[in-house]
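Subject: Structure handover

Hello,

Here is the structure for you to look over. Please open it alongside this note; my findings follow below.

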Amino acid sequence: MNVTTRGYLALEQQCSVFGAQVAPFLQRYLAQWRNYKPAWTYEDGCVWKGSLDLACVTGLRHFSDFVYREASVKIAADGSISGYAPDEFNIDNVNPGVVLLSLWQQSTEERFHLAAGRHMAQLDRHPRTQSGGFWHKKIYPNQIWLDGLYMAQPLLCARARLDQDAVIAADVLAQFRHVYRHLRDSNTGLLYHGWDESRAERWSDPATGCSPNFWARALGWYVMALVDCIGQLGDGFVPERAELGDFLRDVMLALLKLQTAGRMWLQLPMLADVVGNYEESSATLMIAYALMKGARLGVLDPASGAAGESALRACVDRYLDDRQLKGICGVAGLGNTPYRDGSVAYYFSEPIVANDPKGVAALMMALAEGLQRTS
């Protein structure tokens, strides 16, 4: 990222309220940024979304210029997307569609609109469970993971708002209702990482279909999906926004009870006394973002926004220096080969890494919300 001295000083001044290390970290990270994979990926989409959030809040164009430059090389004039394979029916791969709509609105270049339309075309054909939810991937038939809500639903809400399409908005709400009904645990108020309608997977409970544990980053994806959908729907679709707000308040009530003394969230938030558990940065930043944004949108109370800001500050203090954001669970999933059984031992076995885009993107989004609170 080519940052002018004047632009960098402005960034440093704005971000210093959260720590002197924030601005140099962002500068270095984006200057050294490379695509997560050669293919079209949600990891890149999340970093781009975080950058656009920061551009909007700080007024610094180098964040939006970065996104335009990096996304542009992937999008042809006809809207075709390099590295995107819609027939894989991977719900993750439609995540950058929200960014494409933003780029279209900012640049008026039709190729971005056409490219976002390719993601919508995938969702039109995307396989669903018998009860109506998108499969997580073609290779994971009949399964819904909390992650998938963040990948697809905000794009659908953006499209519903642009087209004033009540059918799309109703479909989004129906899918959140479905997840609430099948993945939520009534005793804790938390939602399990995944659900297999067919009960074919070894990780799925024969009675409920749910995976065995509550994973913090899955919950982070879920609450980010809720606040972004509420935000994308805007002032229209009042009943849908209201019910999505109910889901958000319900899960945040449970999550706030589990915030640690260090103001963060554990990798497995219900297992505070289990050896090997740890305060995980990406989930903490996702939840912090959702708390602050939910409060800004008037869906959550001011105390929730303050709790989100305290979590952001705690994560920056503990895990961020001017070169690295540490404490990130590299990846976690269910099934596949080698088999991921969703056990406690499995979640603790995944490597803890630095500068993974899932954590850095959440940092950018949370910082954007935090800056709005302190401006």
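Start with Arg263, which sits in the loop between α10 (238-256) and α11. Keep in mind that this is a predicted model. Arg263 is not a glycine, yet its phi is positive, at about 70 degrees. Its relative accessibility is 34%, so Arg263 counts as partly exposed.

Asn336 also deserves a look. Its phi is near 70 degrees, a positive value in a residue other than glycine. Asn336 belongs to the loop between β3 and α13. With a relative accessible area of 38%, Asn336 is partly exposed.

The loop between β3 (328-329) and α13 (344-349) also holds Pro338. The peptide bond leading from Thr337 to Pro338 is cis. Its omega is near -5 degrees.

Now the helix pairs. Take α9 (residues 216-233) and α11 (residues 281-296) to begin with. Their axes come within 8 Å and cross at roughly 25 degrees. Angles under 35 degrees count as roughly parallel, and α9 and α11 are therefore roughly parallel to each other. The crossing of α9 past α11 is left-handed. On the α9 side, the contact residues include Trp221, Met224 and Val227. Those on α11 include Met286, Ile287 and Tyr289. By class, the contact of α9 with α11 has 10 nonpolar, three polar and three charged residues.

The other pair is α12 (residues 302-319) and α14 (residues 357-374). Here the axes come within 10 Å, with a crossing angle of roughly 125 degrees. That makes α12 oblique to α14. α12 passes α14 in a left-handed crossing. Gly305, Ala306, Glu309, Leu312, Arg313 and Val316 are the α12 residues in the contact. They meet Leu363, Ala366, Leu367, Gly370, Arg373 and Thr374 of α14. The contact of α12 with α14 divides into six nonpolar, three polar and three charged residues.

One more site: Thr58, in helix α3 (residues 42-58). Is Thr58 buried or exposed? Thr58 is buried, because its relative accessible area is 11% and the cut-off for buried is under 20%. The Thr58 side chain reaches two backbone atoms: the oxygen of Leu54 at 2.6 Å, and the nitrogen of Leu60 at 3.1 Å. Beyond its neighbours within four places in sequence, Thr58 is in contact with Gln14, Phe63 and Leu371.

Best wishes

Conventions. Residues are numbered from 1 along each chain as its sequence is written. This is a predicted model: local features need pLDDT of at least 70, side-chain atom pairs count only at pLDDT 80 or more; totals for chains, interfaces and linings use all residues. Side-chain values use heavy atoms; hydrogens and water are left out. Axes are lines fitted to C-alpha atoms, for helices over the stretch in contact, and angles run from 0 to 180 degrees between N-to-C directions. Helices (H or I, at least four residues) and strands (E, at least two) are DSSP runs, numbered from the N terminus. Angles under 35 degrees count as roughly parallel, over 145 as roughly antiparallel, 65 to 115 as roughly perpendicular and the rest as oblique. A crossing is left-handed if the near helix is turned anticlockwise from the far one by less than a right angle, and right-handed if clockwise. Contact means heavy atoms within 4.5 Å. Ala, Val, Leu, Ile, Met, Phe, Trp, Tyr, Cys and Pro count as nonpolar, Asp, Glu, Lys and Arg as charged, and the others, Gly among them, as polar. Buried means under 20% relative accessible area, exposed over 50%, partly exposed in between (1.4 Å probe, protein chains only). A polar contact is a pair of N or O atoms within 3.5 Å; within protein, one must be able to donate a hydrogen and the other to accept it, and residues adjacent in sequence count only if both atoms are side-chain atoms.
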